[in-house]
Amino acid sequence: MFVKGLVLVTFFTQLYENFLGANNFAGIVASNSVGGSSSYKCRTQAQWNQLAKDSKAAGFKTIRIEGFECNALEMVSTAAAANNLQVLAGIYASKGTIDASLPQINNDVQTFRAAYKKFGAKRYVGLTIGNEVNDSVGKIMAKVYDVRGYLRSVGVTTPVSTAHIWVNIRDSPALCGADFVAANAHAFFDGNVKSAQAGDFIFNTVVPSLKKACPGKRIMISESGWPSRGNPNRAAKTSLNDEKAALASLNCASKRDKNVMVFAFEYDDQTWKSNDNERSFGIFGKNINLNDIFKPC
Ligand SMILES: *[C@@H]1O[C@H](CO)[C@@H](O)[C@H](O)[C@H]1NC(C)=O
């Protein structure tokens with residue numbers, strides 16, 4: 001009797017947790033700097049562990065990082081492994097252009113190779129070389145192909161691409177010429193979209209144009225979110241309620257095509273950034289009830 005009761009309680013607790021821990025995003029983007037800090041400050045391993053635990057509990061399956069500084073690849077991989085999450089790894093071009101960043105990029109490629117060996121192929125859904133790099137498409141893609149060729153030659157099979165602003169990929173499809181599309185797409189910056197239509201914007205406007213530009217490629221919306229503070233962008237207003245409405249809209253819209261992996265942007269507010277819009281995309285550590293935002297739809 002006692003054992004049966006315990007089994008039943010365990011079953012319903014599990015069901016309840018599964019319900020709470022479900023959303024339709026593929027993953028969440030995390031900065032390597034702690035949230036709420038007025039200067040850039042690397043997360044510790046304990047902070048990465050908490051981040052992975054929070055992300056897992058909210059139903060995210062993958063953590064995206066955009067650079068390897070702060071020993072972030074090692075730390076996020078450790079935290080992800082402990083929480084059965086995957087990683088979308090990103091190498092940043094720290095000196096602005098590809099050429100100026102070459103020593104750092106090549107060093108990071110070795111870091112990735114070592115992490116792949118340590119944590120295993122299944123830990124990584126992809127590797128991006130550069131995030132919104134302000135360089136020619138030719139320069140960016142030459143480096144993407146160079147890194148991909150090198151990694152393949154040493155037995156690393158992780159899909160490789162570059163992450164860029166969705167309009168740039170739409171207008172220069174060479175940017176999706178490698179293994180997958182990684183498009184950053186924020187309805188807020190369009191200026192014609194209200195928060196509650198953020199998900200419609202991604203799935204009615206962004207995804208169709210990327211499918212047309214990049215036929216047959218797997219599509220990742222590698223950043224999408226909404227700021228809670230700062231100046232409005234015409235129809236796009238900022239408030240905590242607008243951020244909540246946008247996240248709810250993105251979550252429900254992400255159900256429409258599960259082959260499109262949408263990454264919510266971002267884990268916590270990055271106060272060190274240059275303006276209130278950029279600083280306030282954070283999802284955790286604010287008065288946002290995720291059970292409410294991610295309720296079934
Ligand atoms: C991109 O690079 C060009 C040329 O170096 C520069 O004029 C421009 O301001 C840069 N744009 C951004 C967004 O940094």
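Which side-chain oxygen reaches to within 3.3 Å of the backbone nitrogen of Asn241 at the start of H8? The views below come from a predicted model, in which local features need pLDDT of at least 70 and side-chain atom pairs count only at pLDDT 80 or more, while totals for chains, interfaces and linings use all residues. Residues are numbered from 1 along each chain as its sequence is written, and side-chain values use heavy atoms, with hydrogens and water left out.

**View 1. The start of helix H8.** The oxygen belongs to the side chain of Ser239. Helices here are DSSP runs (H or I) of at least four residues and strands (E) are runs of at least two, numbered from the N terminus.

**View 2. The length and covering of helix H8.** With 14 residues (240-253) at 1.5 Å a residue, H8 should span 20 Å, and its end C-alpha atoms are 20 Å apart, which agrees; the expected span is 1.5 Å times one less than the number of residues. Among the buried residues of H8 are Asp242, Ala246, Leu250 and Ala253, where buried means under 20% relative accessible area with a 1.4 Å probe, protein chains only. What covers the buried residues of H8 includes helix H7 (198-213), strand E7 (218-225) and helix H10 (290-293).

**View 3. Thr62 in strand E2.** Thr62 lies in strand E2, which runs over residues 62-64, and counts as buried because its relative accessibility is 2%. Leaving aside neighbours within four places in sequence, Thr62 is in contact (heavy atoms within 4.5 Å) with residues including Ala26, Ile28, Leu85, Val125 and Phe263.

Notes: Buried < 20%, exposed > 50% of the residue type's maximum accessible area, 1.4 Å probe, protein only. Polar contact = N/O pair within 3.5 Å; in protein donor to acceptor, adjacent residues only side chain to side chain.
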